[in-house]
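Me: I have a structure to get through today. Can you walk me through it in short steps?

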Amino acid sequence: MLMLFAVVLVVSGALVVGAAWGIYGRLPKPIEGFLVALAGGALLLSVTSELIEPSIEKSSVFHAMLGVGAGALVFAICDYWIDEKWGSDGGGGLLAAITLDGIPENLALGVALIGAGSMEVAALAGSILLSNLPEAAGGARAMVENGRSKGKVMALWAGTAIILSAAAIVGNLALEGVGEGTLAVIRCFAAGAVVASLATEVFPQAFREDKHWAGVATALGVILAFSLGSLAGG
């Protein structure tokens, strides 16, 4: 239980740190794009190796592919609705999109912690942390530029961090006794939603801001996640 709360605190706390970075700090756009691509590459490998592959091994390819397809489809539908409702450039739309992305990520993180040792979730947790920082920075900055006060923006992101923390805790506690087939679908649903968000939000943003080095940064993110997984014994 202590490990669960420690991991959740670090991963969700990255949203608050990222929001503060976006509101009060500033990096050149190419560097921010590089960091976003780095985080995206790490997260792409992590959801594959820490969620999809274990689900296939413990359950079946059918359960895994069902979850991945359903997660991607639900994310695409919700993301489309968000764009139509708030507009893709609106602060509320950005916050909602990142929350929609973060809930399955953190739910999957909580599920991954079931029966896991302290190092076995290092790659997934580290990759989510890396992705939360630049995503929160970009979302918070856009909100301030759209006229929201800095205090209200920080409060919104702190509230988002609490919601995502709750998702991880629910994923860990409420699903502890669930069968492997069900867990496989849940893990892969989260993986599918994350993959869809990478394709529609993360990598396009990285390419817009740093088109020359985004590919290299993505590869470095993959290397980083693979290294973390190797250290964890994966």
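Me: Let's start with N132. Which helix is it found in?
Reply: N132 is found in helix α5, residues 122-145. Helices here are DSSP runs of H or I with at least four residues, numbered from the N terminus.

Me: What kind of model is this, and how are residues numbered?
Reply: This is a predicted model, with residues numbered from 1 along each chain as its sequence is written. Local features need pLDDT of at least 70, side-chain atom pairs count only at pLDDT 80 or more, totals for chains, interfaces and linings use all residues, and side-chain values use heavy atoms, with hydrogens and water left out.

Me: Back to N132. Buried or exposed?
Reply: N132 counts as buried, because its relative accessibility is 2%. Buried means under 20% relative accessible area, exposed means over 50%, and partly exposed is in between (1.4 Å probe, protein chains only).

Me: How far is N132 from A39?
Reply: Their C-alpha atoms are separated by 8.4 Å. Along the chain, N132 and A39 are 93 residues apart.

Me: New topic: salt bridges. How many are there?
Reply: The structure holds three. A salt bridge is a side-chain nitrogen of Lys or Arg within 4 Å of a carboxyl oxygen of Asp or Glu.

Me: Which residue does R141 meet?
Reply: The side chain of R141 meets that of E32, at 2.9 Å from N to O. This pair links distant parts of the chain: R141 is in helix α5, E32 is in helix α2, and they are 109 residues apart.

Me: Why do R141 and E32 count as buried?
Reply: R141 is buried because its relative accessible area is 7%. E32 also has 7%, so E32 is buried.

Me: And K29? What does it pair with?
Reply: K29 forms a salt bridge with E209, at 3.9 Å from N to O.

Me: What about E180?
Reply: E180 and R187 meet in a salt bridge, 3.9 Å from N to O. E180 is partly exposed, at 34% relative accessible area. R187 is buried, at 6%.

Me: Now α7. What span should it have?
Reply: Helix α7 has 30 residues, 180-209, and should span 44 Å at 1.5 Å a residue. The expected span is 1.5 Å times one less than the number of residues. The end C-alpha atoms are 41 Å apart, which agrees.

Me: Where is the kink in α7 centred?
Reply: It is centred on L198, and the angle is about 45 degrees. The bend at a residue is the angle between axes fitted to the seven residues ending there and the seven starting there.

Me: Which residues touch the most others in the largest nonpolar core?
Reply: V11, L43, V47 and L109 do, in a core of 22 residues. A nonpolar core is a set of buried Ala, Val, Leu, Ile, Met, Phe, Trp, Tyr and Cys residues joined through side-chain atoms within 4.5 Å.

Me: Which helix gives the most to this core?
Reply: Helix α7, with seven residues. Apart from this core lies another, of 10 residues, among them W157 and L164.

Me: Last one: S46. What does its side chain reach?
Reply: The side chain of S46 reaches the backbone oxygen of A42 at 2.9 Å. S46 lies in helix α2. At 0% relative accessibility, S46 counts as buried.

Technical notes
Helices (H or I, at least four residues) and strands (E, at least two) are DSSP runs, numbered from the N terminus. A polar contact is a pair of N or O atoms within 3.5 Å; within protein, one must be able to donate a hydrogen and the other to accept it, and residues adjacent in sequence count only if both atoms are side-chain atoms.
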